[in-house]
Amino acid sequence: MNERYSVKQAKFSVHEAQVSFLDEHAMYGFKDKSSMVRSALAHLKEKLDAQQLKESADLYAEIYEESAELQDLARTGTLEWPQ
């Protein structure tokens, strides 16, 4: 985790099994429960961002596939690229 961000406290509820998992933070290489939660949240954010990027790319691909004008534009643009 990048330490240049300020750390703020948040209050939230978790299930008992999740508390037990957090209690084992040291076994997974975390110095405390908070660092484990921050790491999990960062991982979740990366996963959601990647999913959103893929969905966006899929949408652009679908639009491109259905548009002869965009395909022609792309073809014309690549003709000017250096070999």
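**Exercise 1. Find which residues line the second largest pocket, and which elements they come from.**

Solution. Start with the list: Phe 12, Val 14, Gln 18, Phe 21, Leu 22, Phe 30, Met 36, Val 37 and Ala 40 line this pocket. Next, look at the elements: α1 (16-23) and α2 each give two or more residues to the lining. Helices here are DSSP runs of H or I with at least four residues, numbered from the N terminus. On a 1 Å grid over the protein atoms alone, a pocket is an open set of points with protein on both sides within 12 Å along at least five of seven lines, and lining residues have an atom within 4 Å of a point.

A quick word on the model: it's predicted, so local features need pLDDT of at least 70 and side-chain atom pairs 80 or more, while totals for chains, interfaces and linings use all residues. Residues are numbered from 1 along each chain as its sequence is written, and side-chain values use heavy atoms, leaving out hydrogens and water.

**Exercise 2. Describe the aromatic pair.**

Solution. First, count: there is one aromatic pair (ring centres within 6.5 Å). Then check the geometry: the rings of Phe 21 and Tyr 28 have centres 5.2 Å apart and planes at 55°, so they are tilted (stacked is under 30 degrees, edge-to-face over 60, tilted the rest).

Definitions and conventions
Rings of Phe, Tyr and Trp (its six-membered ring) pair if their centres lie within 6.5 Å; planes under 30 degrees apart count as stacked, over 60 as edge-to-face and the rest as tilted. On a 1 Å grid over the protein atoms alone, a cavity is a set of points where a 1.4 Å probe fits but cannot get out, and a pocket is an open set with protein on both sides within 12 Å along at least five of seven lines; lining residues have an atom within 4 Å of a point.
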